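This briefing sets out the computed features of one protein model for use in computational work. The sequence and the coordinates are shown first, and the findings follow by topic.

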Amino acid sequence: MKLCRFDNDRLGLVEGDDVLDVSAALDAIPVQRWPLAPGDPLVLNLESVAGRARTLAKTAPRRKLSSVTLKSPVANPTKIVNAPINYQKHIDEAKADPKLGGGRKLDHITDWGLFLKATSALIGPGEPIRLRMPERRNDHEVELAVVIGRECREATVENALDFVAGYAIGLDMTIRGPEMPSWRKSVDTYAVCGPWLTTKDEVTDPNNLRLSLKVNGETRQDSTTAKMVYNVHQLIAYATSMYTLYPGDLIFSGTPEGVGPVKPGDTISAEIERVGGFDIRVEAFRG
Ligand code: MN
């Protein structure tokens, strides 16, 4: 099942080029009193929401995907966990270009650990990326985004996928420079997630998916998640050795080689096999 959030926070079930408006399925989410349980309420209740959505889909109003504004399929992650160096060829290109590595040791993912992007940076593909610090390199990074389905700590490689709800595409937009990643990569609009949540039953092996990114139609990144240093299972085990993950938390699993700059006016097209694809515009920031 492919579930999207669109327009004024409506819930859609994606079928081919159409969106079925199944917003009434959101009634399956119980109303909570303060303090809210950590995590995204839709993902926490995904099974009942998906069940209702399936029933509603039979008679749901149908819209063209191209006519709706797609938001991040997860509205309220508690954190966006990121793998900084998780493809060997990206490690190699970062070693060769001091602008990428910032002078840090760059041999293995465990040299850096994981980092967090602010949840306030999160947008869907229907909203443009708004570039800050235009004098710096602002780079694209396409990544498989893992959507965590339930509370998870100290997962093992063996049970890691039990905690996954599904997958999406993540763009880890990045200002290059010497500051901490949590500063340069957490700018408003610098965490793109979309086009929808593809539930895990549709992705038999997340560690064998082709992923690609084009800028204005020109291919910049084209690889496969089979080349990740830490695969999805290992990333979940690694992340939960330090962090508790909650429903809706996102793991951006690292980018393959081919990162490069974008500028206002560009269109980024990202695609991941079995998950989906989207186009997103790049604009200048206007305060
Ligand atoms: Mn990244």
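In which loop does V203 lie? V203 lies in the loop between β14 (191–199) and β15 (210–215), where helices (H or I, at least four residues) and strands (E, at least two) are DSSP runs numbered from the N terminus. The model is predicted, so local features are given only at pLDDT of at least 70 and side-chain atom pairs only at pLDDT 80 or more, while totals for chains, interfaces and linings use all residues. Residues are numbered from 1 along each chain as its sequence is written, and side-chain values use heavy atoms, with hydrogens and water left out.

**Surroundings of V203**

- V203 is buried, with a relative accessible area of 4%; buried means under 20% relative accessible area, exposed over 50%, and partly exposed in between, with a 1.4 Å probe and protein chains only.
- Leaving aside residues up to four places away in sequence, V203 touches Y167, T198, L209, R274 and V275, a contact being heavy atoms within 4.5 Å.
- V203 and V262 are 59 residues apart in sequence, and their C-alpha atoms are 30 Å apart in space.

**Domains**

- The protein is divided into domain 1 (2–69) and domain 2 (80–284), with bounds that come from an automatic or database domain assignment.
- The centres of domain 1 and domain 2, taken over C-alpha atoms, are separated by 24 Å.
- Between the two domains, twelve residues of domain 1 are in contact with 16 residues of domain 2.

**Manganese site**

- The manganese ion has E141 (OE), E143 (OE) and D172 (OD) as its protein donors, at 2.0 to 2.1 Å.
- Donors are N, O and S atoms within 2.8 Å of the metal (3.2 Å for Na, K and Ca), and the site may look incomplete because water is not among the atoms.
- The spacing of the donor residues in sequence is E-x1-E-x28-D.
- E141 counts as buried because its relative accessibility is 2%, and E143 counts as buried at 0%.

**Cavity**

- The structure holds one cavity of 30 Å³ or more, and the largest cavity has a volume of about 120 Å³.
- A cavity is a set of points, on a 1 Å grid over the protein atoms alone, where a 1.4 Å probe fits but cannot get out, and lining residues have an atom within 4 Å of a point.
- Grid points are joined across faces, edges and corners, and the volume is the space filled by probe spheres set on the points.
- The largest cavity is lined by 15 residues, of which P84, L100, W112, R176 and K185 are the closest to its centre.
- Helices α3 (88–96), α4 (98–101) and α6 (181–184) each supply at least two residues of this lining.
- Eight nonpolar, two polar and five charged residues make up the lining; Ala, Val, Leu, Ile, Met, Phe, Trp, Tyr, Cys and Pro count as nonpolar, Asp, Glu, Lys and Arg as charged, and the others, Gly among them, as polar.

**Helix α7**

- Helix α7 (residues 232–240) is largely enclosed by the rest of the structure, because seven of its nine residues are buried.
- The buried residues of α7 are V232, H233, L235, I236, A237, A239 and T240.
- These buried residues pack against β6 (80–82), α5 (109–112), β11 (142–148), β12 (164–172) and β17 (250–252).

**Backbone geometry**

- The peptide bond from W34 to P35 is cis, with omega near -5°, and P35 is found in the loop between β3 (18–21) and α1 (41–44).
- The peptide bond from G194 to P195 is cis, with omega near -5°, and P195 is found in strand β14.
- D9, a residue other than glycine, has a positive phi near 55°; D9 is placed in the loop between β1 (2–6) and β2 (10–15) and counts as partly exposed at 38% relative accessibility.
- T189, also a residue other than glycine, has a positive phi near 80°; T189 lies in the loop between α6 and β14 and counts as buried at 6% relative accessibility.

**Helix residue K89**

- K89 is found in helix α3 and is partly exposed, with a relative accessible area of 49%.
- K89 and A121 are 32 residues apart in sequence and 27 Å apart in space, C-alpha to C-alpha.

Conventions:
1 Å grid on protein atoms, 1.4 Å probe; cavity = no way out; pocket = protein on both sides within 12 Å on 5 of 7 lines; lining within 4 Å.
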